[in-house]
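Welcome, and thank you for taking a look at this one. Please have the sequence and the model open side by side as you read.

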Amino acid sequence: TDGWIYDLVVNPLNCDGVYAATSAGGMFKSLNGGGNWFSVNTGLGDLKTHALALTPGQADRLVVGTTNGVYVTENGAGSWRNTGSLPAGTVDALMVAQTNPARVYAGGNYAGLYRTDDAGVHWYGLTLTAASIRSLAGDSAYPGLIYAGSDAGGVFRSLDGGGTWQAYADGLGQLGVKALLANTACGAVLAGATNGVWYRDN
């Protein structure tokens, strides 16, 4: 396909199953670990796909962020449906809650962060009003713990599922953070910023 590969995820129950979100051709799927690919765009109304997230414990349920909202599949990308009602703009960051598959977080090139608790029927804004949220990370050991990376404000952290937020950017300053990885069992948060990878151990 032409354009960028924006995101990749692997089926946690089958390492040969891989999904790719592309900037121009929509969604692609491989059944042999990336050896061959085929498009899986049925029902996908926007082929500019930017972010992917798997649902914990449900390998066939994925959400994808596009330039026109969030789509969800329940059958391994066999078909997609639009969740609707997000602000206009590109969705660059997605996360499905660890213990509630109907709860999804979405951030992008609009201000703030949004959450749905009913699989996308309704979305509402959270209290995090930082400029564009470009990355999200959670931790399976702590379901209410969320990290959000912003365009120009470093990292923010919530301990209550997004109800309240605190700046978590000591040392980062106003750097843009477009990738996050959190593992509290290892005592680390990694942030991919505009000038390299940053590490925090508490």
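Which strand gives the most to the lining of the largest pocket? Keep that in mind as we go through this predicted model.

## The largest pocket

The answer is β5, with six residues in the lining. At least two lining residues each come from β1 (5-10), β5 (49-55), β6 (58-66), β9 (91-96), β13 and β17.

The space in the largest pocket comes to about 910 Å³. Its lining is made up of 33 residues, and those closest to the centre are Asp7, Leu52, Ala53, Leu94 and Leu136.

Next, have a look at the aromatic rings. There is one aromatic pair. The centres of the Tyr147 and Tyr168 rings are 5.3 Å apart and their planes lie at 50°, so this pair is tilted. It links distant parts of the chain: Tyr147 belongs to strand β14 (residues 142-150), while Tyr168 is in the loop between β16 (166-167) and β17 (177-183), 21 residues apart.

Tyr147 counts as buried because its relative accessibility is 3%, and Tyr168 counts as buried at 7%.

## Arg134 and its neighbours

Finally, turn to strand β13 (residues 133-139), where you will find Arg134. Its side chain makes a polar contact of 3.0 Å with the side chain of Asp151.

Leaving out residues up to four places away in sequence, Arg134 touches Asp92, Ala93, Gly108, Asn109, Gly149, Ser150, Asp151, Val177 and Lys178.

Terms used:
Residues are numbered from 1 along each chain as its sequence is written. This is a predicted model: local features need pLDDT of at least 70, side-chain atom pairs count only at pLDDT 80 or more; totals for chains, interfaces and linings use all residues. Side-chain values use heavy atoms; hydrogens and water are left out. Helices (H or I, at least four residues) and strands (E, at least two) are DSSP runs, numbered from the N terminus. A polar contact is a pair of N or O atoms within 3.5 Å; within protein, one must be able to donate a hydrogen and the other to accept it, and residues adjacent in sequence count only if both atoms are side-chain atoms. Contact means heavy atoms within 4.5 Å. Rings of Phe, Tyr and Trp (its six-membered ring) pair if their centres lie within 6.5 Å; planes under 30 degrees apart count as stacked, over 60 as edge-to-face and the rest as tilted. Buried means under 20% relative accessible area, exposed over 50%, partly exposed in between (1.4 Å probe, protein chains only). On a 1 Å grid over the protein atoms alone, a cavity is a set of points where a 1.4 Å probe fits but cannot get out, and a pocket is an open set with protein on both sides within 12 Å along at least five of seven lines; lining residues have an atom within 4 Å of a point. Grid points are joined across faces, edges and corners, and a volume is the space filled by probe spheres set on the points.
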